[in-house]
Amino acid sequence: MPPEQFGEGPLWRCLLIVGGGLLALGVPAPAAFLTCREPGWVHPEHRPSHPAA
């Protein structure tokens, strides 16, 4: 999104909006995958040799 679309505002406002958008889109998706993962998704070579207590 070019800064011209923000009118006469400062450059930091453009960077804040773009950075906020990146955080809003780039953090929840990976976090959702990490919190909703299932034990069956782990590759057999990466599974622990003993069950968790």
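Helices (H or I, at least four residues) and strands (E, at least two) are DSSP runs, numbered from the N terminus. The legends describe a predicted model, where local features need pLDDT of at least 70, side-chain atom pairs count only at pLDDT 80 or more, and totals for chains, interfaces and linings use all residues. Residues are numbered from 1 along each chain as its sequence is written, and side-chain values use heavy atoms, leaving out hydrogens and water.

**View 1. Helices 1 and 2 come together.** The protein has 2 helices and 0 strands. Helix 1 (residues 11-26) and helix 2 (residues 28-36) have axes that come within 5 Å and cross at roughly 20°; axes are lines fitted to C-alpha atoms, for helices over the stretch in contact, with angles from 0 to 180 degrees between N-to-C directions. Helix 1 is therefore roughly parallel to helix 2 (angles under 35 degrees).

**View 2. Who touches whom?** Leu23, Ala24, Leu25 and Gly26 of helix 1 meet Pro28, Ala29 and Pro30 of helix 2 (contact means heavy atoms within 4.5 Å).

**View 3. Two cysteines to find.** Look for Cys14, which counts as buried at 5% relative accessibility, and Cys36, which counts as exposed at 53% (buried is under 20% relative accessible area, exposed over 50%, with a 1.4 Å probe and protein chains only). There are 0 disulfides in the structure (pairs of cysteine sulfur atoms within 2.5 Å).

Notes: Angles under 35 degrees count as roughly parallel, over 145 as roughly antiparallel, 65 to 115 as roughly perpendicular and the rest as oblique.
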